[in-house]
Amino acid sequence: MAFAVSSGSLLIGAFYLPVDTWQRGFLLVGALFLITSTFNLAKVIRDQQEANSVRVRVDEARIDKLMAEHDPLRAV
């Protein structure tokens with residue numbers, strides 16, 4: 001909620017700021033980059049937390065065990 005309020009305030013403030021059109025465009029492009037960077041950072045942090053969870057580590061251990069036991073040259 002706070003992110004939406006701050007982003008909205010930034011966009012409204014940049015729109016109503018008494019500056020030239022190119023300056024307003026520059027501010028809006030900067031705001032766009034700021035918002036996309038925020039989403040990317042949140043996604044990276046979420047993915048890192050998921051990678052460190054116990055469930056993921058147990059699944060990786062199971063896969064490692066299956067790969068270690070697999071013999072591709074064994075006759076079927």
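Which residues are buried in α2? I took this up at the outset, bearing in mind that the model is predicted. I found R24, A31 and I35 to be buried in α2. I then looked up their surroundings and noted that the buried residues of α2 pack against α1.

**Entry: helix α2**

I recorded 31 residues for α2. From its first C-alpha to its last, α2 reaches 45 Å, which is close to the 45 Å expected at 1.5 Å a residue.

**Entry: helix α3**

I checked helix α3, residues 54-69, in the same manner. Its 16 residues should span 22 Å at 1.5 Å a residue, and the end C-alpha atoms are 23 Å apart, so the two values agree. I next asked how many of the 16 residues of α3 are buried. The number is 1, and I therefore describe α3 as lying largely in the open.

**Entry: aromatic pairs**

I counted 2 aromatic pairs. One is formed by F3 and F39, edge-to-face, at 5.4 Å centre to centre and with 80° between the planes. I placed F3 in helix α1 and F39 in helix α2 (residues 21-51), so this pair ties together parts that are 36 residues apart in sequence. For F3 I noted a relative accessibility of 34%, so F3 counts as partly exposed. F39 has 52%, and because the cut-off for exposed is over 50%, I list F39 as exposed.

F15 and Y16 also form an aromatic pair. I noted this pair as edge-to-face, with 5.1 Å centre to centre and 80° between the planes.

I asked which residues make the nonpolar surface patch of about 390 Å². They are I12, F15 and Y16. I located Y16 in helix α1, which covers residues 2-16. Is Y16 buried or exposed? Its relative accessibility is 62%, so I count Y16 as exposed.

**Entry: the loop between α1 and α2**

I found P18 in the loop between α1 and α2. P18 has a relative accessibility of 78% and therefore counts as exposed. I also looked up its separation from L41, which is 23 residues apart from P18 along the chain. The C-alpha atoms of P18 and L41 are separated by 32 Å.

**Entry: salt bridges**

How many salt bridges does a search of the whole structure find? I recorded 2 salt bridges.

R46 forms a salt bridge with D47, and the closest N and O atoms are 3.1 Å apart. I looked up the accessibility of both partners. R46 has a relative accessible area of 43% and is partly exposed. D47, at 35% relative accessibility, likewise counts as partly exposed.

The side chains of D59 and R62 meet in a salt bridge as well, at 3.7 Å from N to O. I noted that D59 and R62 both lie in helix α3, 3 residues apart, about one turn of the helix. Here I found D59 to be partly exposed, with a relative accessible area of 32%, whereas R62 is exposed, with 54%.

**Closing entry**

I return to the opening question with the helices side by side. The buried residues R24, A31 and I35 belong to α2, and the buried residues of α2 pack against α1.

Technical notes
Residues are numbered from 1 along each chain as its sequence is written. This is a predicted model: local features need pLDDT of at least 70, side-chain atom pairs count only at pLDDT 80 or more; totals for chains, interfaces and linings use all residues. Side-chain values use heavy atoms; hydrogens and water are left out. Patches are made of residues with over 30% relative accessible area and no salt bridge: like charges are joined within 9 Å, nonpolar side chains (Val, Leu, Ile, Met, Phe, Trp, Tyr) within 5 Å. Accessible areas come from the Shrake-Rupley method with a 1.4 Å probe; for residues, only the protein chains shown count as cover. A salt bridge is a side-chain nitrogen of Lys or Arg within 4 Å of a carboxyl oxygen of Asp or Glu. Helices (H or I, at least four residues) and strands (E, at least two) are DSSP runs, numbered from the N terminus. Buried means under 20% relative accessible area, exposed over 50%, partly exposed in between (1.4 Å probe, protein chains only). The expected span of a helix is 1.5 Å times one less than its number of residues. Rings of Phe, Tyr and Trp (its six-membered ring) pair if their centres lie within 6.5 Å; planes under 30 degrees apart count as stacked, over 60 as edge-to-face and the rest as tilted. Contact means heavy atoms within 4.5 Å.
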